[in-house]
Amino acid sequence: MKQTVRVTVNGRLYEEEVEPRQLLSYFLRETIGLTGTHIGCIIGECGACTVQVDGTLVKSCLMFAVQANGKEVTTIEGLADGDALHPVQEAFINNYGFQCGYCTPGMIMAADALLKKNPDPSEEEIREGLAGNLCMCTGYMQIVAAVKEAAGQVNNG
Amino acid sequence: MANADPKQYVGLATRSKEGPRLATGQGRYTDDFTEPGMLQAVFLRSPHAHARILGVDAQAALSRPDVFAVVTPEDMKRDTKPFRPGRYAAGLKKPVEEYAGAVDKVRYVGEPVGAVAARDRSTAEDVLESITVDYDILPANTDVHQAMAGEDASLIYEELGANLAWQGTLEYGDTEKAFREADRVVRENLKIHRYSSTPLEPLACIASFDRFSKKLTVRTNTQVPENIYDALRDALSLDDIRVIIPDIGGGFGQKIHLIRKYVVIVALLAIKSGRPVKWIEDRNEHMMAAGHACEQHFDVEAAVKNDGTVTGLRFKEIDDVGGSVSTLTIHFTNKLNNLSNTYKVQNIRADGYSVVTNRCPVIPNRGIGKPGMCYIWERIIDRVAQDLDMDPSEVRFQNLVQPEQMPYTTPNGNVYDSGDYPGLLKRALEKVDYPGLKDEQAREREKGRYLGIGVVIGVEPGGRNAARDMAIFPEMKETPGSGGINGATIKLEKNGTIALYLGSPNCGQAHETTTAQVAAGILGVSPDVISTTTPFDSDIAPWGVAAANSGNNFHLYDIGSIIGAATQLREKVLKVAGHILDAQPSDLEIADGVVTVPGFPRRKLTFAELGKVAYNNQALLPEGIDAGLQTTFYYTFPHAQPNMVPGKDGRVRAQFTFGAGAHVAVVQVDPRTGKVEVLRYLIVGDNGTIINPDVVDGQIYGSAAHGIAVALGEGFVYDDEGQLLTITLTDYGKCSTAETPAIEVEHAPSPSAFTPLGQKAAGEGAAIPSPAAIASAVENALEPFGVKVRDLPLTPERVWQLIKEAQA
Ligand code: FES
Ligand code: FES
């Protein structure tokens, strides 16, 4: 039995009929076509599917779409302001904080949430803050550098 | 020719071309695509490590209206053919038929037995439950030593008569003499476990079939188009095959070999259903059945002079290759690539034994057999140092190939293009202040704090030679090819922009950025106006045997073909422009996409003006020149001889360029818990001329981080029944930011004498010496306890046991 959900994603309201068992990650990818949210494990281990729900970091494979009813979701597609990249995105690009790019959307969403909570994190706090997001390619060095750079920008700006 | 400078943008960290796409969620991976009428497939997999399939009943599934196609073992046999043996199975004495899916038996947990295509994934998953398989469970074989002793619990391939499926020898020089004349012989037993790079994006495929033209199109995240292309041809008896490869979410070798099974079966579902079919692998499926790096056991002995010179190396290698014969010798023959590592030794003998087991088949993983070969060398050199009471770095210096010996031919026929190995090692020791570090270690030991220093060195081979495996299989019936061939296409478009088309896919190595850097200098434009077209499409890509995101091929074949194609395009641009501007092509200059006649500021043509002529204006084109401004160039390595094809002596160029790296690991071990903490990890690396330092650093960081994680605990664990206990990333021990140490990199390049820019590889690199560096550091830390490190991984539990064993 399908259920109706009303979810605001990246500022746009979506009203959709979904199966109660549909995960938020699939809702984003398949129902409304935002494929920037990736799936690497579907059991909450990898962080590839990380989004923000009402400003809180959420692994979208651990939430049903119906649980997002009435909430505001931000995905990687909603971070840039039109053509202007978000400072965290810009810092990831500048520092080559990605290789294959598969972890990147989740990593950037996590970094953004971290910097919102702690605008001036130490290296250790960055490493702790991103520990829920696995990257198989980079060894994390340039990701950490990107977050440091973004923090500087957020602070200075 | 005037002012073409292929190096103009080389060495610069230019802005990433892939970055904006990947950082905004606009990457396009296989799962992001849909096709009209597309179905979803799921696989039925074996729950048993070893069993005979007595029967499969899929009637209930087939009769459901929402099921469009089912593949069973019977279909496999009827509708497909077995794969051809290929280069790693050429040594089988009797042919073994391997189909894409299990037919009569299952040989590992997770082996695909069947598949279902339905309207959506959850339906397909529900339907799987209704398929019943009648298994006759057989004893599982999980111990290679049992097989070596001829005590097989049961035969995995009856036709082979034993689970020891292959054995062979490589011998170079005169090892017998070296050992006879040695002052001493140093021996050790070593082991590397099963692991994987676990790409974050699982295997994925969408297949569609045009039943009238008989053209099969697959969109898949393979690293090597040829493997898919050949597999589909062999298994499905089709010729017209198109392989499209979009963005790949990480490869590391995991997406080269076993992926072909799934692509074949998904294609069969598409053929049967008449619909496009998508399949996306689950994480636990990936862990069970997408392939593992090989568990390798080594008995090593070195012939040594009392001054520390190693005059001979012999090793026996036993490989647990899992439940397939298709990669039987891959980890053994890969040792030809770095068989003598950075050392002068002239006499080497390797005896290889490949044992099939009821575990996941082995596949290429970042460096394949090379981390194992480096482990053999670096562990035995440490042992030699202990035996002679020398410093381990001293023994290394004593044995390194010297810079003045370059280019240097190794006993097995590799030609090292350039390198200063003593320089790398010296610099690494300087950077960490080795004597100071040793003092600190001694002081801290007094206080009960156990620091360890591991110093190792390894070559990083690059650019594959397709003929390598003929060194052990001279009788190979179908040659796998030789050398390497791959191409690139460059087009100056009508608006003056430049489009590149590469002959191979990439999975995160910034090929778009680096090829644009190289082409820009040759063409006289900014990298900004160059775009690289993705995805890879076999219908239009100029691809050959070296079209592989594998074997560190990119720097050689892709860069070589970009240089070739860009140079030809430049020549054509100058010819057409010279004709229009009434000047000699050799007098013209190009800068910022404008062709000028020096000294005549008004005589000039922009690339956009040229583009309009080349595609629109026949009357303005010079006689005898083809219209259009597009060139395609297929690159082959011009220095591939000698030893491109192995002769009777088995000497072969396994790879064509050789970078190197000296690694220093500093660790702290807590003897109460066995926990190892990496305090410092430094690499001084020679990657030849670096095209983009940020990209190369990224490859080094990533490969080192993985090698370190492998040494410290990442890995697959099976129980005696052949059940995999590590099917999640957490159980497997994947490292996050919290566990991964910071890695320092310094570059000390020796440009290659053989490549156009002096470039060498960067990719597998740091994954090759890093497991050895950690082993060495941990052993060094635990020296006061008398601990010897032989096996990986060094989990806290294992380290704790080692201390207990040493104390007992
Ligand atoms: S897909 Fe959600 S955490 Fe891995
Ligand atoms: S960039 Fe590939 S997984 Fe992080």
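A residue is called buried when its relative accessible area is under 20%. In this predicted model, seven of the seven residues of strand 5 (residues 112–118) of chain B are buried, so the strand is mostly covered.

**Strand 5 of chain B and its partners**
- Strand 1 (residues 39–45) of chain B runs antiparallel to strand 5 of chain B, and six bridges pair the two.
- Strand 3 (residues 67–71) of chain B is also antiparallel to strand 5 of chain B, joined to it by four bridges.
- Val116(B) in strand 5 has Val42(B) opposite it, and Val70(B) likewise stands opposite Val116(B).

**Open sheet of chain B**
- An open sheet of mixed pairing is built from four strands of chain B in the order 21-20-19-26.
- Its edges are strand 21 (530–532) and strand 26 (630–635) of chain B; each has a single partner strand, so one side of each lacks a neighbour in the sheet.
- From one strand to the next, the twist averages 20°.
- Strand 19 (residues 486–492) and strand 26 of chain B are antiparallel and share six bridges, with Gln630(B) in strand 26 as the bridge partner of Lys491(B).
- Helix 17 (residues 607–616) of chain B packs on this sheet and touches strand 19, strand 20 (498–502) and strand 26 of chain B. The direction of helix 17 makes about 100° with that of strand 19 of chain B.

**Helix 15 and helix 16 of chain B**
- The axes of helix 15 (residues 511–523) and helix 16 (residues 554–581) of chain B come within 9 Å and cross at roughly 35°; the crossing is right-handed.
- Helix 15 of chain B contributes His511(B), Thr514(B), Thr515(B), Val518(B), Ala519(B), Ile522(B) and Leu523(B) to the contact.
- Residues on the helix 16 side include Phe554(B), Ile559(B), Ile562(B), Ile563(B) and Arg570(B).
- By class, the residues of this contact divide into 10 nonpolar, four polar and one charged.

**Cysteines**
- Over all chains, the structure holds zero disulfides.
- Cys735(B) is in no disulfide, and the nearest cysteine sulfur, that of Cys135(A), is 12 Å away. A disulfide requires the two sulfur atoms to be within 2.5 Å.
- Cys735(B) has 19% relative accessibility and therefore counts as buried.
- Cys46(A) counts as buried because its relative accessibility is 1%.

**Backbone features**
- Most residues other than glycine have a negative phi, and most peptide bonds are trans.
- The peptide bond between Met406(B) and Pro407(B) is cis, with omega about -10°. Pro407(B) lies in the loop between helix 12 (392–399) and strand 16 (408–409) of chain B.
- A cis peptide bond also joins Thr534(B) and Pro535(B), where omega is about -5°. The loop holding Pro535(B) runs between strand 21 and strand 22 (536–537) of chain B.
- Asp54(A), a residue other than glycine, has a positive phi near 45°. Asp54(A) sits in the loop between strand 3 (50–53) and strand 4 (56–59) of chain A, and its relative accessibility of 46% makes it partly exposed.
- Asn341(B), which is not a glycine, has a positive phi of about 45°. Asn341(B) is in the loop between helix 10 (330–333) and strand 15 (347–356) of chain B, and is buried, with a relative accessible area of 0%.

Notes. Residues are numbered from 1 along each chain as its sequence is written. Chains are lettered from A and ligands numbered from 1 in the order in which they are written. This is a predicted model: local features need pLDDT of at least 70, side-chain atom pairs count only at pLDDT 80 or more; totals for chains, interfaces and linings use all residues. Side-chain values use heavy atoms; hydrogens and water are left out. Buried means under 20% relative accessible area, exposed over 50%, partly exposed in between (1.4 Å probe, protein chains only). Two strands pair if DSSP finds at least two bridges between them. Axes are lines fitted to C-alpha atoms, for helices over the stretch in contact, and angles run from 0 to 180 degrees between N-to-C directions. A crossing is left-handed if the near helix is turned anticlockwise from the far one by less than a right angle, and right-handed if clockwise. Contact means heavy atoms within 4.5 Å. Ala, Val, Leu, Ile, Met, Phe, Trp, Tyr, Cys and Pro count as nonpolar, Asp, Glu, Lys and Arg as charged, and the others, Gly among them, as polar.
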